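Biologist: Could you walk me through a few spots in this model? I am new to reading structures.

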Amino acid sequence: LAGFPRPKHISIPNLPQRLAVARASMLAPDVRRSAALVATSAVQHMQGASMQVPATPQHARWIAYFTQSFYHMAILPLLVATVALAYLARPSTNDTFPKGFRRFQIVYLSIWTLCVAADWLQGPFVYALYADYGFTVKEIAELFVAGFGSSLVFGCFVGTFCDKFGRKRSCIIYCILYIISCMTKHFNSYTILLFGRITGGIATSMLFSCFECWMVSEHLQRNRFSGSLLGYMFGLMYTVMYCVAIASGLAGQAVADAVPFGPISEGSAFHVGGKCSPFDLAIVCLVIGMVLIAAFFDENYGNTEEEGSPSMMENMQSGVKLLKTDRRALMLGIVVSAFEGSMYAFVFNWTPALRSERVPPPHGVIFALFMMACMCGASASTLVGAWVKPTARLSAAFAAGCMAFVMSTYAATGNTEDHLGFSFSAFLLFEFCVGIYFPSVGVLKSDIVPEQVRGTVYNLYRVPLNGIVVSL
């Protein structure tokens, strides 16, 4: 025992005393047995100590990631709530899938995932990138208005454009316009960035119209699938959209942190790395999506040349007449403009509201958390839809949204560094309300607005919304 090698990091209690007793009693058999027991005890202690292996570097990295700020600490609990609610509210159907439906579903959702991911990858980093370039708040606001304005203006006739030019070609144009918009983000030039905002705004309006129109036409006209399966497809489509938004926020943050931000050479206007990286990842998604669209989409058109179909001006007159004569349609327009106007104001202001030197905001992670809260709201709206009317759900969303902005205003009046968590919680509450709003208002729109002027009235709802965005 005296000659047993003793590692420096192992501490054996009372070892000298044990050795002295063993040496003094080496001739006594019973004492020799005691010495053997002491030696065995010492060896077992050493073996037990050697089994206490510290956490591996990989485990330590994960622990460090999820504890580096209160934003990261919110990921796991909010993700668990999101998955649980999404599972309970998952889209389902009792219809038997006809031949070709599964392939159609996989092709469309795969392309939709890539194309919508390109949009979500950019959102968290636009304001932050402009700020890193050194633009003032006024200049950033002008760039945002250019994007919102081009989207709202082009959105008034994007449906007609897609119907006449072709939905497949329009989807490819979406990819091209967004690639141009992403490429301009590398330049610290107000003029180039302004051009990119305009092309990006047009692309955004095409994303949420052309792809949907193509899918509906292929589903009902070419493949003759049932209407109930169309509802199932829409459910999957928007579930996938929320999941992609969450993943895009986390992926965008990862690539933004991977490469330092800076010009390619001293004094150059062309920058790489940092918050430019998510836009490069979006370009990759768009290129792959464009190739898949060209390979797997068939061209289809709208029925714009049917005999006796009303002109655009006649539809506009019918829409205005509906708003004058139907009080419910007018009130619904006010609801849409008011809530979505507040939503656009939130999109512009959440980044500067969470700016902090002490806790630098991880914009991609924050965006992913916002999308989790939004998905929770949409799932909750679906779960209670059978018992709570859409008007009641909208009233609750408006009330909770007002409370969220009151909370954030209170936080902004004090020391914002000390109230970041409070502001962030208020923003999560508002995103939850956004999730409730869209499925609820969609039901009301389908009930109140007649089919023959639906597109025209929806565009008229955008007119006051446009005014709210520009004025803010």
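This is a predicted model: local features need pLDDT of at least 70, side-chain atom pairs count only at pLDDT 80 or more; totals for chains, interfaces and linings use all residues.

Modeller: Residues are numbered from 1 along each chain as its sequence is written, and side-chain values use heavy atoms, with hydrogens and water left out.

Biologist: Is Gly289 buried or exposed?

Modeller: Gly289 lies in helix H13 (residues 277-296); helices here are DSSP runs of H or I with at least four residues, numbered from the N terminus. Buried means under 20% relative accessible area, exposed over 50%, and partly exposed in between, using a 1.4 Å probe and protein chains only. Gly289 has a relative accessible area of 0%, so the word for Gly289 is buried.

Biologist: How far apart in space are Gly289 and Cys171, C-alpha to C-alpha?

Modeller: In sequence, 118 residues separate the two. In space, C-alpha to C-alpha, the distance between Gly289 and Cys171 is 9.4 Å.

Biologist: Is Arg224 buried or exposed?

Modeller: Look in the loop between helix H11 (190-222) and helix H12 (227-258), where Arg224 is found. Arg224 has a positive phi of about 60 degrees, although it is not a glycine. With a relative accessible area of 63%, Arg224 is exposed.

Biologist: Which helix holds Leu79, and what is its relative accessible area?

Modeller: The helix that holds Leu79 is H5 (residues 75-88). Leu79 counts as partly exposed, because its relative accessible area is 34%.

Methods: Helices (H or I, at least four residues) and strands (E, at least two) are DSSP runs, numbered from the N terminus.
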